[in-house]
Structure formats: C-alpha cells, structure tokens
Amino acid sequence: MVLVGGRRKLKILWQLSWNERWITAQSFILLPAIALSLSLFGLPITQRYLAQLSPVDIAKTDLAFADVKRMAFAVNRAANHSPLWGNCLKRSLTLWFVLRRRQILSDLRIGVRRHEGEFQAHAWIEYEGAVLNDRPTVYQLYSAFKETFDDGIYVQRPQGRA
C-alpha cells in the first residue's frame with residue numbers, strides 16, 4: 001500500500017492534485033475487484049460489466065492529452081503498489097474504466113509475441129491512437145491485434161499513432 005514506503009511515499013501522495021489522489025484511491029479498490037472478475041468470468045464479461053457501469057455517451061473530450069496521461073500515471077501508481085493485482089491487463093482495464101467514467105473514449109489493445117520460445121501477451125490503453133499506460137514503443141515489442149477490445153467484443157478501429 002501507499003503507507004508501506006514511509007513518509008516519502010505519503011509526501012508524494014499529498015503533492016498530487018486532488019483528482020490524481022482520487023483516481024489512485026479508486027484504482028486501489030478497482031484493481032482487486034477487476035482481478036476477481038477476470039478470474040471468475042474472463043475478459044469479455046468483465047469488460048461488458050464495466051461498460052454497463054460507465055456512461056453510455058462516450059464523446060470526444062476536450063481534455064488535453066497531458067491530463068489524460070496523468071490519469072494513466074495515477075492508475076499505474078496504484079498498480080505498482082499492488083503487485084498481486086497490477087498486471088498489464090488488470091491495470092489497463094482499470095484505466096479503461098476510469099476513463100469511461102469520465103466519458104473519455106479509449107481503446108484496450110492486446111498484443112502478442114514469442115520471446116525466447118515462450119508465448120507472451122500484453123495489454124495497454126490507447127487514447128486518440130497514442131499509448132497511455134506503457135512505452136510508446138510497445139508496438140515494436142508486441143504484435144497488436146488489429147481489433148480493439150471494446151465492451152467485451154472486438155471492434156475494428158483505424159490504427160493510430162504508433
């Protein structure tokens with residue numbers, strides 16, 4: 001948790017904006033809930049349920065990219081302090097849901113690769129074609145599905161900035 005690192009982590013937390021603290025706190029609750037749902041029901045049902053809990057009128061937002069990126073940092077901050085719950089899919093679904101709750105359209109992307117003979121998969125979130133919660137070079141490491149994962153079903157969307 002946040003307090004485990006002592007005063008330094010607490011000081012960092014209080015230096016954040018109210019919105020960033022709120023998103024971090026929400027993420028601490030959402031990460032284990034999403035992890036449980038994924039293990040019980042799988043990705044499509046979990047994502048469909050999260051979509052039902054968020055507004056239907058997703059519209060293009062006038063938020064600056066930097067503001068949306070700060071939301072991603074807040075979710076990542078919580079995931080980094082929650083090693084049991086914070087893998088890429090759980091943190092990406094958490095960010096996807098946090099953005100949807102604020103009526104911000106984003107895409108869940110999933111990519112795969114073979115590394116040292118082992119099959120690996122990775123998930124991240126894109127906003128207006130830009131990677132939010134991972135390195136912008138994630139496309140060089142993983143071959144992303146052409147479809148995005150939206151509301152538990154695959155959606156063909158045009159490729160963005162890669």
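Q: What does the secondary structure of the protein come to?
A: The protein has six helices and six strands, where helices (H or I, at least four residues) and strands (E, at least two) are DSSP runs numbered from the N terminus. The elements run α-α-α-α-α-β-β-β-α-β-β-β from the N terminus on. This is a predicted model, in which local features need pLDDT of at least 70 and side-chain atom pairs count only at pLDDT 80 or more, while totals for chains, interfaces and linings use all residues. Residues are numbered from 1 along each chain as its sequence is written, and side-chain values use heavy atoms, with hydrogens and water left out.

Q: Why is α2 called oblique to α4?
A: Helix α2 (residues 18-41) and helix α4 (residues 65-80) pack at an angle of about 45 degrees, with axes 8 Å apart. Angles under 35 degrees count as roughly parallel, over 145 as roughly antiparallel, 65 to 115 as roughly perpendicular and the rest as oblique; therefore α2 is oblique to α4.

Q: Which residues of α2 meet α4?
A: Asn19, Glu20, Ile23, Thr24, Ser27, Phe28 and Leu31 in α2 meet Arg70, Met71, Ala74, Val75, Arg77, Ala78 and Ala79 in α4, contact meaning heavy atoms within 4.5 Å. The residues of this contact comprise eight nonpolar, three polar and three charged.

Q: What percentage of the residues of the protein count as buried?
A: Of its 162 residues, 43% are buried (under 20% relative accessible area, with a 1.4 Å probe and protein chains only).

Key. Axes fitted to C-alpha atoms, helices over the stretch in contact; angles between N-to-C directions. Nonpolar A, V, L, I, M, F, W, Y, C, P; charged D, E, K, R; others polar. Buried < 20%, exposed > 50% of the residue type's maximum accessible area, 1.4 Å probe, protein only.
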